[in-house]
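Please study the sequence and the structure shown below before reading on.

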Amino acid sequence: MNTQISRRGFLCAAGIASASAALTACGGSSSSVSSVAGSAAASSEAASGESVELIVFAAASLTETLNAIAETYSAENPGVTFRFNFDSSGTLKTQIQEGADCDLFLSAGQKQMNQLDSTASAEVNTEGLDFVDSDSRVDLLENKVVLCVPENADKGIDSFDSLAEHLKAEDILFCMGNSDVPVGQYTQKILAYYELDEAALAAAGVITYGSNVKEVTTQVSEASVDAGVVYCTDAFSAGLKVVDEATKEMCGQVIYPAAVLKAAPNAVAARKFLEYLQTSAAGEVFESVGFTAL
């Protein structure tokens with residue numbers, strides 16, 4: 001398999017073997033709600049002997065890593081269990097805004113978090129929403145945006161430059177995230193970087209869309225498209241063939257913020273889990289699939 005990257009020496013497959021093995025045993029669909037069981041509590045909510053179920057809304061690209069980390073956390077803190085909702089950050093933001101119970105929100109983009117944070121600029125938080133406990137908010141991780149092709153691809157797409165040429169020629173089918181999905185927004189910046197007209201390409205039938213990054217990953221892995229743009233971490237988890245990595249000039253930095261919500265049913269336990277996500281133990285799991293812990 002040719003996984004040589006033409007830009008910035010991308011080594012997404014490098015990681016920690018033990019953490020990677022743990023990830024292999026974990027998984028889940030991008031929009032599913034999953035539970036990770038445990039037995040005792042690490043929070044004041046559980047100190048009285050009651051168990052605590054943390055409700056975590058997280059970007060689909062965090063599915064494998066958070067499931068693995070939650071297993072370890074529940075084993076070390078019996079009584080703390082997890083109910084995960086993995087989907088696009090835009091969908092999760094809307095669900096929170098509509099009143100869904102949530103303790104902790106992990107977004108794949110700053111925009112969706114800012115739209116819920118009263119301390120964010122009014123240019124972004126246009127509705128003046130006040131759902132996020134801004135004191136708890138942290139920039140947790142950095143990801144990378146990569147170009148992937150099916151394993152037996154024969155279109156000669158080996159870089160973003162060649163992707164742009166094929167899109168201009170309208171001789172391929174390309175998959176990207178929707179405009180309300182962070183990975184789609186990063187991809188839009190890449191298209192703009194190459195002065196490509198997304199609307200015209202979509203109208204010509206050259207572009208197909210995924211409602212979250214996992215859907216884009218699936219289309220590439222099933223070879224229903226000729227190329228797709230996803231995160232480094234999703235490419236690693238799905239074993240995709242990565243041919244290039246986007247530079248900061250193309251799409252900016254991919255930062256994942258996290259915050260406890262003001263209406264969190266289990267705020268203290270959520271804060272403690274968020275603190276754990278910033279430890280070296282959790283960082284090793286994140287970094288094993290290509291995240292950079294901040």
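Rings of Phe, Tyr and Trp (its six-membered ring) pair if their centres lie within 6.5 Å; planes under 30 degrees apart count as stacked, over 60 as edge-to-face and the rest as tilted. Ring pairs join Tyr73, Phe82, Phe84, Phe86, Phe273 and Tyr276 into a cluster. This is a predicted model, in which local features need pLDDT of at least 70 and side-chain atom pairs count only at pLDDT 80 or more, while totals for chains, interfaces and linings use all residues. Residues are numbered from 1 along each chain as its sequence is written, and side-chain values use heavy atoms, with hydrogens and water left out.

A pair of aromatic rings is described by the distance of the centres and the angle of the planes. The structure contains 11 aromatic pairs. In one of them, Phe82 and Phe84 are stacked, at 5.5 Å centre to centre with 10 degrees between the planes.

How are the rings of Tyr231 and Tyr256 arranged? They form an edge-to-face pair, 5.9 Å centre to centre and with 65 degrees between the planes. This pair links distant parts of the chain, since Tyr231 belongs to strand 9 (residues 227-231) and Tyr256 to strand 11 (residues 254-260), 25 residues apart. Strands (E, at least two residues) are DSSP runs, numbered from the N terminus. Tyr231 is buried, with a relative accessible area of 2%, and Tyr256 is buried with 1%.

Two strands pair if DSSP finds at least two bridges between them. Strand 7 and strand 9 pair in the parallel sense over two bridges, and Cys175 has Gly228 in strand 9 as its bridge partner. Strand 7 (residues 174-177) is covered on both faces. In a regular strand the side chains alternate between the two faces of the sheet. Here Phe174 and Met176 lie on one side, Cys175 and Gly177 on the other, and all are buried. Strand 7 also pairs in the parallel sense with strand 8 (residues 207-210), over four bridges, where Met176 stands opposite Tyr209.

On a 1 Å grid over the protein atoms alone, a cavity is a set of points where a 1.4 Å probe fits but cannot get out; lining residues have an atom within 4 Å of a point. A search of the whole structure finds one cavity of 30 Å³ or more. Among the 13 residues lining the largest cavity, Ala59, Ala60, Ala108, Val181 and Val213 lie nearest its centre.

Terms used:
Buried < 20%, exposed > 50% of the residue type's maximum accessible area, 1.4 Å probe, protein only. 1 Å grid on protein atoms, 1.4 Å probe; cavity = no way out; pocket = protein on both sides within 12 Å on 5 of 7 lines; lining within 4 Å. Points joined across faces, edges and corners; volume = space filled by probe spheres on them.
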